[in-house]
Amino acid sequence: LDPSSPNKAKHVYSLKDDTILPPIPFPSEAVGKRFVGSYGGGWVVPADAPLKIVNLFSRAEVLLSTQQKKVRIVNQFTGPDGAPTRVRWKDPPARLGTGDQLHPLKIIFSGPPTSSSCILAAITDERDVAVCVPGHPEREWTRRRYEEDVVLDITFCNGDLYCLLGRTKQLVKCEVSLTEFGVAAFGANQWLAMPNRHMLMEGKSEPHDTYILEVRGKLVMAVRRIKGPWPRPRNIRGPFFLVFALIDAGTDEAMTHRHSYKWKEIKSFGDHALFLGPTCAKAMRLSTTDEHGDLRRNYIYYSHHNSYVEKKRGNGPKGLEKFFTSFNNDHVYYKEHESIDNVVVEGITSVEYYVKGATHSPMWLLPPNL
């Protein structure tokens, strides 16, 4: 889905049918807007204030609070070893020119937005994380900051919120719950080990190259690599994904009696496919009857930010396919299959999608069962 044009009806590309569907009329609140989140059934979140969740098919709306004035911010300090040393609370600093609005870069849902137990989490433009309850505009966002660090990605997994930090390369598990007053609040932090640092952090990378998401009840990290000092995966040319799952390694009886975790590299999602992009990281279960057109199990489908498409001029590299051009030729839609030799190889195939000429990033949308 590319929402960036000013037209009131939008085209979407269906992987299952391998076709461009008839234009979908957009609610006026969603026309020409940057989308920062989505949920199954056609729910999207346009970024501009006042924040609201809009269903592109039913036209239903859920309002969100945008206020920051009374929000309490938790500043989390870390020591050299990455362990938290102290926590303090303070009022948010004044932000001249932005009023009291929250400016999210990405929003995720713990459940259906119409559910009373749903909690939203957002990465803000200040690169901290905030949570709130949808449907109650008077209930403000609660924010947590990690001093001298930035939040790269967030996801809910088994009811907990996970934050991937960019500067210190750490993963934080945050307890988030509803108070007796129905307000979303942060609980304790747990600092988790990261996958092999050599594999993740060295070599050439690009913006939005690391994602965290839940797959079959486990936390998964997908990292897109271009090249590095390590040997390339066998039979794969060009960019590729390394994928890790967080595994419970049991309890430490001698020390803390707490569960410990370790990362395991995986080569298959089984009957799932992953859909990744700057504002979306989702896993979708597919049956054998669902595999039609370009839709396949154990595939990664990912969209790139529009700044990346400047490299894609002319005919582009081998495997590049133009599948749609807008009526005024402003937007051109491409997909590019990663090159894999025609041999049986254990691994994951990834397919890239992008829109040349788009103002905002294309995003994935899971529609209702029509």
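A residue is called buried when its relative accessible area is under 20%, exposed when this is over 50%, and partly exposed in between, with a 1.4 Å probe and protein chains only. The views below come from a predicted model, in which local features need pLDDT of at least 70 and side-chain atom pairs count only at pLDDT 80 or more, while totals for chains, interfaces and linings use all residues. Residues are numbered from 1 along each chain as its sequence is written, and side-chain values use heavy atoms, with hydrogens and water left out.

View 1. Helices (H or I, at least four residues) and strands (E, at least two) are DSSP runs, numbered from the N terminus. Of the 370 residues in the protein chain, 50% are buried. A contact means heavy atoms within 4.5 Å, and among the contacts with a separation of 6 or more, 53% are between residues 24 or more positions apart.

View 2. A disulfide is a pair of cysteine sulfur atoms within 2.5 Å. For C163, which is in no disulfide, the nearest cysteine sulfur belongs to C174 and is 4.0 Å away.

**View 3. An open sheet of 6 strands with mixed pairing.** The strands follow the order β24-β23-β25-β28-β27-β26, where two strands pair if DSSP finds at least two bridges between them. At the edges are β24 (280-285) and β26 (320-325), each of which pairs on one side only. From one strand to the next, the twist averages 20°, with axes taken as lines fitted to C-alpha atoms (for helices over the stretch in contact) and angles running from 0 to 180 degrees between N-to-C directions. Strand β26 is joined by 5 bridges to β27 (residues 332-337), and these two strands run antiparallel; L320 has E336 in β27 as its bridge partner.

**View 4. Aromatic rings, of which the structure holds 14 pairs.** A pair of aromatic rings is described by the distance of the centres and the angle of the planes. Rings of Phe, Tyr and Trp (its six-membered ring) pair if their centres lie within 6.5 Å, and planes under 30 degrees apart count as stacked, over 60 as edge-to-face and the rest as tilted. The rings of Y13 and F323 have centres 4.3 Å apart and planes at 40°, so this pair is tilted. Because Y13 lies in strand β2 (residues 13-14) and F323 in strand β26, the pair ties together parts that are 310 residues apart in sequence, and both Y13 and F323 are buried. The rings of Y353 and W364 have centres 5.5 Å apart and planes at 85°, so that pair is edge-to-face. The pair of Y353, in strand β28 (residues 349-356), and W364, in the segment after β28, links distant parts of the chain, 11 residues apart. Y353 is buried at 6% relative accessibility, and W364 is buried with a relative accessible area of 13%. Ring pairs link Y13, F275, Y299, Y301, F323, F324, Y333, Y353 and W364 into a cluster.

**View 5. S303, a residue of strand β25 (residues 299-303).** With a relative accessible area of 3%, S303 is buried. A polar atom of the S303 side chain lies 3.4 Å from the backbone oxygen of P362. If neighbours within four places in sequence are left aside, the residues in contact with S303 are Y211, L276, G277, P278, Y353, P362 and W364.

**View 6. D209, in the loop between α1 (197-201) and β19 (210-215).** D209 has a relative accessible area of 13% and is therefore buried. Its side chain is joined to that of T210 by a polar contact of 3.2 Å; a polar contact is a pair of N or O atoms within 3.5 Å, where, within protein, one must be able to donate a hydrogen and the other to accept it, and residues adjacent in sequence count only if both atoms are side-chain atoms. Not counting residues up to four places away in sequence, D209 touches A222, V223, R224 and R225.

**View 7. T114, in the loop between β11 (104-109) and β12 (120-124).** T114 counts as exposed because its relative accessibility is 60%. With neighbours within four places in sequence left aside, T114 is in contact with W43 and V62. T114 and V62 are 52 residues apart in sequence, and their C-alpha atoms are 7.5 Å apart in space.
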